[in-house]
Amino acid sequence: STRARCANEKMATGSAKRRESAATKVVGDGGGDEEENDLLTIIPLGAGQEVGRSCIILEFKNVKIMLDCGIHPGLSGMDALPYTDMIEAEEIDLLLISHFHLDHCGALPWFLEKTTFKGRVFMTHATKAIYRWLLSDYIKVSNIASDQMLFSEKDLVKSMDKIETINFHQEVEVSGIKFWCYNAGHVLGAAMFMLEIAGVKVLYTGDYSCVEDRHLMSAEVPSISPDVLITESTYGTHIHEKREIREARFTSTVHDIVTRGGRCLIPVFALGRAQELLLILDEYWAAHPELHDIPVYYASALAKKCMAVYQTFVEAMNERIQKQIAISNPFVFKHVQNLKSVEHIGDIGQCVIMASPGMMQSGLSRQLFEAWCTDKRNGVIVAGYCVEGTLAKHVLSEPSEIITTTGQKLPLRMSVDYISFSAHVDYKQTSNFIRTLKPPHIVLVHGEQNEMSRLKAALGREFEDSEELQMDIHTPRNTQAVELYFRGEKMAKVIGRLAVKRCQDNQQLCGILVKRGFNYHLVDPADLSSYTELSTSCMSQRQMVYFSSPFSLLHHHLSALTPDAEQIMVQGRTAIRVFDGAVLVTQGDMNTITIEWNADGVNDMYADAVLTVVLQLESHPPIEYNVVKRKSEKKREPAFPRKLLKLMRDMFGAQCVSMSNDKIEVKVDSNVALLDPNTLSVECEDESLHHLVSVSAKRLSTATHIVTN
């Protein structure tokens, strides 16, 4: 049985909006009267003042969320993982993956299979489809010993069963956390997540791009303004060149390399920017017949498998691709072929080869670079963002020599060009995004320390004079917490029959306060089953008490307590019904009686009053019972005021009863009753409390009087 208790609450109809954010608190500060429950903590376990191993922890209202779980492309083994030793994996309620790049999902199989994580994990359909093949390829090309591998192919397959998918704009709720996602435009299936916890909204962008390219649409700008924006700062204050200029530089550089008799290496990640570059090269080769004899290879074992995924999720791409695929499939290339084997690659003359991985830390792109770097006719085009500690980042500084994976030193004679096709926002895109959303708090992640600091300073200068946008910008390093306090009145919706009449200001409502997740509703008990999964039931209480006096004597005293005391027969036994039938007293065997009532606040006090009469009679039995049948003179004993005060304290609690000016003062909520122990008169505006105090006092008076002839 469920026993519901009524609560008097001053409520207003309508939903709550809790946008009143308090000041940021630096970790380690003492003092403050903020409730711990109002504290939103954001901790980067990766991507804090670095690019790589994105992993952000959010904690608010006793729930914990992990945003992305990637590896660092410049490190290997356990060193590549986020700082997950800072948390307890089993405490994470929800894990959201923004897209399929390794620096955002590469540690997921390890986290799902090698830790105590028991929460739920979500990503988009396209991300899940590509994640399977991308991580499988990562296992194969990793140039480390098997005992240092973070996970196996078996772990990867098992992790697939634990991953749930979400559609763009689909709202899901987990442990009171509401979340939905928007198209981020970075790669196929990339999503930015909006989370709502107890009315506080947090937007995590992941990697995103606000510019449409040849196959992907630009990132959506949410129509809802978040309280906290967690956004990438990869390019800091850099401004990207226009797409047309960038594409022309790229094709011109490729053309120059192959026409001078060289071989062009384009290191790319197997999926993402590779598809963009393939579309550009295929179109350029089609427009230049003189290049038709020069092969363009896409050297990736993933190519065939993942091209099927790209063709499946055409609706996630831009309008241009969707129109074109109705005529011919743009991903069936006429001038690009898959490189089936690398055994005879040394015999190839002029060519263009796109090979993974994009930062040349291992795999085929590293192998080809080391084979070709000594020939000045050859060239390498770095087309994406490069992380510190990788070979791609190193060669951009134009060193005179490089060190191979075997430790050999080779002269670097091939040309090195950097043409960024990285689908990350630049300063203009970041600034416009923030100007539109107007978030009061911004947390910068996924950026090198210097770039992040420049971006913070530039945004501060740009918006310092803005009256409509006052914001705090945070640049935490890994494991450094950002603490934000969000306060506001807790509001409840009044629903059901309580909401039939519009509530007035300062009106008191009596109902059941129901908390679901972080939402509150006030409902009438009769509506409980209609609006919740709860139900009401009646709980009967029964108490057996020793009573050796005549049952008729009890009837007499109960009649003095309440005039409606009625003697009846129940299943062949004598019984007394009192307080409009709320309490039933039945005569039992062996000098016992049974008191029965349906439990609630009022009936419990009625039962207490009856029990007090019974115990009083049992502790002070009259000398002769027949005295109550004769005319007599009644006098109260001297200790009556003290006993009356004790009775009131037993009924209402010692903290609610006190003596004031020779009167007993009883306080229940905002109601006050004054009882005169001599005259038994009661002063009280609340009718229910007045009746209860008056009846109880008269009952005690009758039960304790001294009878004289």
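Predicted model: local features only at pLDDT ≥ 70, side-chain atom pairs only at ≥ 80, totals over all residues.
Residues are numbered from 1 along each chain as its sequence is written, and side-chain values use heavy atoms, with hydrogens and water left out.

Let me begin with the interior. In soluble globular proteins, nonpolar side chains tend to be buried together. By a nonpolar core I mean a set of buried Ala, Val, Leu, Ile, Met, Phe, Trp, Tyr and Cys residues joined through side-chain atoms within 4.5 Å, where buried is under 20% relative accessible area, exposed is over 50%, and partly exposed lies in between, with a 1.4 Å probe and protein chains only. The largest such core has 70 residues, and Phe-250 and Ile-266 have the most contacts inside it. Helix α6, residues 273–287, gives the most to this core, with 8 residues; helices here are DSSP runs of H or I of at least four residues, strands are runs of E of at least two, and both are numbered from the N terminus. Leaving aside residues up to four places away in sequence, Phe-250 touches Ile-266, Leu-277, Ile-280, Leu-281, Ile-381, Ile-419 and Phe-421, a contact being heavy atoms within 4.5 Å. A second, separate core has 47 residues, among them Leu-644 and Met-651.

Now to the sheet. Seven strands form an open, mixed sheet in the order β9-β10-β11-β12-β13-β22-β23, and two strands count as paired if DSSP finds at least two bridges between them. The edge strands, each pairing on one side only, are β9 (172–174) and β23 (472–474). Inside the sheet, β12 (200–204) and β13 (228–232) run parallel and are joined by 3 bridges, with Tyr-204 standing opposite Ile-230 in β13.

Finally, the backbone. Most residues other than glycine have a negative phi, and most peptide bonds are trans. What kind of peptide bond joins Ser-356 and Pro-357? That bond is cis, with omega about 5°, and Pro-357 is found in the loop between β17 (351–355) and α9 (363–372). Met-360, in the loop between β17 and α9, has a positive phi of about 55° although it is not a glycine, and at 0% relative accessibility Met-360 counts as buried. Asp-68, in the loop between β5 (63–67) and β6 (94–96), has a positive phi near 70°, and Asp-68 is buried, with a relative accessible area of 0%.
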